[in-house]
Each structure stands twice: as C-alpha cells, then as structure tokens.
Amino acid sequence: APHTFFRATTQAMGKDMGEGGDAPPPQAGAEGGDAAGGEGASSGGKKGRYRTDKPWDVDGIDHWKVDPFTKEDNPNGLLDESSFATLFPKYREKYLREVWPSVTRALKEQGVACELNLVEGSMTVRTTRKTFDPYIIIKARDLIKLLSRSVPAPQALKILSDEVQCDVIKIGGLVRNKERYVKRRQRLIGPNGSTLKAIEMLTGCYVLVQGNTVSCMGGWKGLKTVRKIIEDCMRNMHPIYHIKELMIKRELAKDPELAGQSWDRFLPKFKKKNVKRKVPTKVGKGKKDTVFPPAATPSKVDLQIESGEYFLSQDAKRRRAAAEKLEKQKEALSASQKRRQEAFVAPKEEGGEGGGGSAGGGEGEGGGGKKKKKTEVGSEDVAAMAAALKAKSKAKKDADDKKNTKEDAGNFVMGSGMKKKRSAEAAPAEEVKASKKKK
C-alpha cells in the first residue's frame, strides 16, 4: 500500500537520524568500499549497479503488514494544509445533521477538522497543525464520500483504521438500457438481499448498493474480488458463479497440502451459452440509396392551399362547415331510421309446403319428428281460430235460412193481410231508428 511505504520510509529515516549516523550508506561499486559490495554490484549486472541496502528490506519481514502510525513517528507535523470536499444529496441532510457530532469527535482525535455546509450541500475535511499522520486526510476524504453515498455513520467511521479500505464502484454507465440495468442491479442484491449477504460473507467486505454506485469497505484483496463480481454482473454474468468459486476456494485454503499447488482443476468451468436470435423468414428488400431525401409530409396549411379552402372568407368557411355538418346529420338520420324500420320487418317463416300439420293431427312431410318452432305453433293457432269462425258463421247462416223458410210458409198460409200487418208494424220502428241517427 502506498501509505505503508511512506510511513515505513519515514520511520526508517527517523531511526537513522536518531542514531547519529550522518554519513550516507555506502554505495555498491564505489571506491574505498568493501569487496563484497563491489562483487554484489558486479554480479547484479547493469540492473543492480546502483542498488543500495535498505534498512527495512531484511529477511523475515512481512511486506503486507501495516504498522500503526503514532505521533512519535512524526512529531513535527505537516508542512502544508490539505483539504477535500464533496457534495451530498438533499435527502441525506437530516441524517448528517444528527450524526455530525460523532463524526467531528472521531476526526478530532486524528487531528483533522471537518465542516458541514447545509447551504451548499457539501462536506469538507482539512488538516491542521495537530495532524501527524500524512495519510489520514485520504482516509477522511473516503469517510465523507461514504457518508454521501448513504453508508451509515458507525460503519463509515471504520475507514479511519489502517486495516479497512474503501472503493466506490460506478455502475450507472455500464448498461445503456434502463430496464436491463434495473434487472441486473436487482440480480446483484438477490431475493431479500441474500446474494449481497453471501458476497459479504465470502469476501469479508461491507457492500451497499445505492442508486448508480456500489460502496464497498474491507481489505484490498476482498475489494478486488467484489469489484470483479459487480462488473461481471453488470455485463450479464450472474453472481452465483463467483459465489460458487469463492466457496470452493475457501474450502481449499483449509488444506495445507494444496497451498503450493494450482487450484484450477478444482474450480468449476462454466461454458458460455450464446443463444441464437430468431432470423426473420421474410427478409425485406433493402432501401435503395437515393440522391435526394424523401419529400416532406404536407402540413395542414399546405393541404388547405391545395384544396382552395385557405383562400375562402370567414363567411364562406362557416357556410361550408354548416353544409358539411348538415350532410352528416342527414346521413346519421337516415341510418337511424333504417335501424328503426328493421324492427318492423317480419321474420322469414321456415319450412316448406308440407311443414305445417293439422290442429289435432300428424306431422307434415317436412316435420321430420323435430320439435316445432314458435313461429309454426303460432300459425297453426291462427288457422284453427279462422276455421272456428267460419264454422260459426256458417251455423248462423243456416239458422237464418231456416227462419226465413218458416216465415214464407206462414205467409203462404195466412195470406197477404198478415204480410201487410207486419209491414205496418215495422214502419214506425224504422222511423224511430232514423230519428235517433239524425240526433
């Protein structure tokens, strides 16, 4: 890590100056130097000609170990002031106002000043005269960056320790289609956050998906793995493949015999499946290259000029519109009348000549044993009623004829006097009827 190298150099230089040795270390190959130094330089060739022994480069040293940096390592402080500022969204203002006292106390212990500007919506950190760690300002910059990306303050304050690093991965520009981007981001989180929790457990990092960024906190090795998983997920590779690989590696790391061997034979190899898209059966002919562009679509004014309506006066336009409206009303009226007349059209009667049977009797030739329709039943009732009326009128006519024959026989027997008497009696009755009609 760069800050480790810088701190180690500062500590080594302080020890050399404290011992009182003002003379620089002997250079290999210089005159008056020991023979071993010259031989080492000559054996190293051109590449190791100017290589000098470094006080921290000894056998048995752990180059990845981060030693704690205390105030005794840099008692004089820093020469110049450094500062960083970052903006935060509006919805984080209320939370930052609540947690800002705890952030201020944590940074004050490291000798760093901080400022929360609610007018501009920004956070600023800067070094002071009490700052002794040269890399703490970078840590403070990461702190305000995490706070602006919705990381909780207790979790974000862990970045001030030397063992924890952070990485803010921008995923907004990796996918152009918005719907596809939302699906892949949700795939990274998983159902109820299960995929994200598995990534955190296997890498030892804290991962938070917020908007168009993913904030990660942890060691360097874990951050590298998390970045690879996230970028592959946005490139349409499911995180489950990386999770399976990490689980196998964790089990293999427990076996000391496999420490110096390659693990490729144990890791799963997933083949890429390229799904062929459906080729259209009918391929349309390509458009011919034309020198001139296609004609523009005529506007409403152009159509009015073409038809001559544009040059009409306002009265003529109104008369024309009224005539068109009247024509439409006539068409609608005729259609409605036709629709009304359809209700009075008699339905067509089904069945041929032999379709109808007698009132009490058998079926017609066209009946076929089927159930008679409603129209057939109605026609039979009408025919029966007509026959009954005819029979009744015939019976009445026969009765009248019999009565007339009796009267004729009486006249013949009684003579003409009886006939005159009846006519005289009938005359006043006819006069009464006539007078009533006049009234």
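Which residues have the most contacts inside the largest nonpolar core? Select Leu107, Val125, Leu147 and Ile159, which hold that place in a core of 27 residues; a nonpolar core is a set of buried Ala, Val, Leu, Ile, Met, Phe, Trp, Tyr and Cys residues joined through side-chain atoms within 4.5 Å, and buried means under 20% relative accessible area, exposed over 50% and partly exposed in between, with a 1.4 Å probe and protein chains only.

Before going on, note that this is a predicted model, in which local features need pLDDT of at least 70 and side-chain atom pairs count only at pLDDT 80 or more, while totals for chains, interfaces and linings use all residues. Residues are numbered from 1 along each chain as its sequence is written, and side-chain values use heavy atoms, with hydrogens and water left out.

Now centre on Leu107, which touches Val112, Cys114, Val125, Ala140, Leu143 and Leu160, leaving aside residues up to four places away in sequence; here contact means heavy atoms within 4.5 Å. A second, separate core has 20 residues, including Ile169, Val175, Ile199 and Cys233.

Select residues 206–210 (β5) and 213–218 (β6), antiparallel strands joined by 5 bridges; strands pair if DSSP finds at least two bridges between them. Val209 stands opposite Val214 in β6, and in the turn of this hairpin Gly211 has a positive phi of about 65°.

**Two helices**

Show α8 (residues 220–234) and α9 (residues 239–253), whose axes come within 9 Å and cross at roughly 150°; axes are lines fitted to C-alpha atoms, for helices over the stretch in contact, and angles run from 0 to 180 degrees between N-to-C directions. That makes α8 roughly antiparallel to α9, a term for angles over 145 degrees.

**Confidence**

Finally, colour by pLDDT, the predictor's confidence in each residue from 0 to 100: the chain mean is 78, but pLDDT is below 50 over residues 13–43.

How values were computed
Helices (H or I, at least four residues) and strands (E, at least two) are DSSP runs, numbered from the N terminus. Angles under 35 degrees count as roughly parallel, over 145 as roughly antiparallel, 65 to 115 as roughly perpendicular and the rest as oblique.
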